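Please look through the sequence and the structure below before reading the report.

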Amino acid sequence: MGTLKVNLLAVAVVGMALAGCQSSRMDPVSTAPAPLQPAPSGSVSQSQLPPPGGSNQFPTAPTTGNATPAPQGNTQVAALPPENAPDLTASSVAGVWNASMGGQSCKIATPQTKFGQGYRAGPLRCPGELANLSSWAVSGKQLTLYDAAGGTVAKLYSSGQSKFDGQTSGGQNVSLSR
């Protein structure tokens, strides 16, 4: 009986092996795809490009004279900080600030968590443009507040111990204090 099982097993293995060789998967591809027709090509021409911006690559420098004040509008940002404003460091700005803008107040958290163009910022129930605040950065004497898209929300400068003053990009006065 043991020999019969071995023989049946051998027949089954040989049968399966032969059946595997009969598979159409192993046949060479008998029909090759038709060759692609070449795409028509246009003619190539060559010519000299004009110099960029004409002969003068630089814009005309502004002239000195009586400067006219910038008009009030959505693109106005605070002027440069005064000469006596101290240089700022990230550690001098980090913390929680009381913000006031247009008679309304809120709090702004300025942790030193890297984000965007500087550090993450968190407005806490702030009105208007300050509600869009997402990050902050310092550069020299200037503290700049940014929205999530990297646009400037406000520019401020230190106006005293633990106090910043400036304007939003919409032209509203804004102050931070502790």
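Not counting residues up to four places away in sequence, T144 touches S135, W136, A137, T152, A154 and K155. This residue is found in strand β7, and because its relative accessible area is 8%, which is under the 20% limit, T144 counts as buried.

As a general background, nonpolar side chains tend to be buried together in soluble globular proteins.

**The sheet**

How are the strands arranged? There are 10 strands in an open sheet, and read across the sheet their order is β3-β4-β6-β7-β8-β9-β10-β1-β2-β5, with antiparallel pairing. At the edges stand β3 (114-115) and β5 (122-124), and each has a single partner strand, so one side of each is left without a neighbour in the sheet. In general, the strands of a sheet pair through backbone hydrogen bonds, either parallel or antiparallel.

| Strand pair | Bridges | Facing residues |
|---|---|---|
| β3 and β4 (residues 118-120) | 2 bridges | K114 and Y119 |
| β7 (residues 142-147) and β8 (residues 152-160) | 5 bridges | Q142 and Y157 |
| β8 and β9 (residues 163-168) | 6 bridges | G160 and K163 |

Two hairpins deserve a separate look. In the hairpin of β7 and β8 there are 4 residues between the strands, and G150 takes a positive phi near 90 degrees. The hairpin formed by β8 and β9 has 2 residues between its strands, and S162, which lies in the turn, has a positive phi of about 55 degrees.

**A loop residue**

A94 lies in the loop between α2 (90-93) and β1 (95-101). Leaving aside neighbours within four places in sequence, A94 is in contact with T110, Q112, W136 and R178. For A94 and T110, which are 16 residues apart along the chain, the C-alpha atoms are separated by 4.9 Å.

**The chain as a whole**

The secondary structure of the protein chain comes to 2 helices and 10 strands, and from the N terminus on the elements run α-α-β-β-β-β-β-β-β-β-β-β. Of the 178 residues in the protein chain, buried residues make up 25%. The accessible surface of the chain comes to about 13,100 Å², and 57% of this area belongs to carbon and sulfur atoms. Among contacts between residues at least 6 apart in sequence, 41% join residues at least 24 apart.

How confident is the prediction, expressed as the mean pLDDT of the protein chain? The mean is 77, and 64% of the residues reach 70 or more. Over residues 67-78, however, the pLDDT is below 50, although this stretch has 21 contacts in the model beyond near neighbours in sequence. Where pLDDT is low, the predicted coordinates should not be read in detail.

Note on methods: Residues numbered from 1 in each chain as written. Predicted model: local features only at pLDDT ≥ 70, side-chain atom pairs only at ≥ 80, totals over all residues. Heavy atoms only, no water. Contact = heavy atoms within 4.5 Å. pLDDT = per-residue confidence, 0-100. Pairing = 2+ DSSP bridges. Buried < 20%, exposed > 50% of the residue type's maximum accessible area, 1.4 Å probe, protein only. Areas by Shrake-Rupley, 256 points an atom, 1.4 Å probe, with all protein chains shown as cover.
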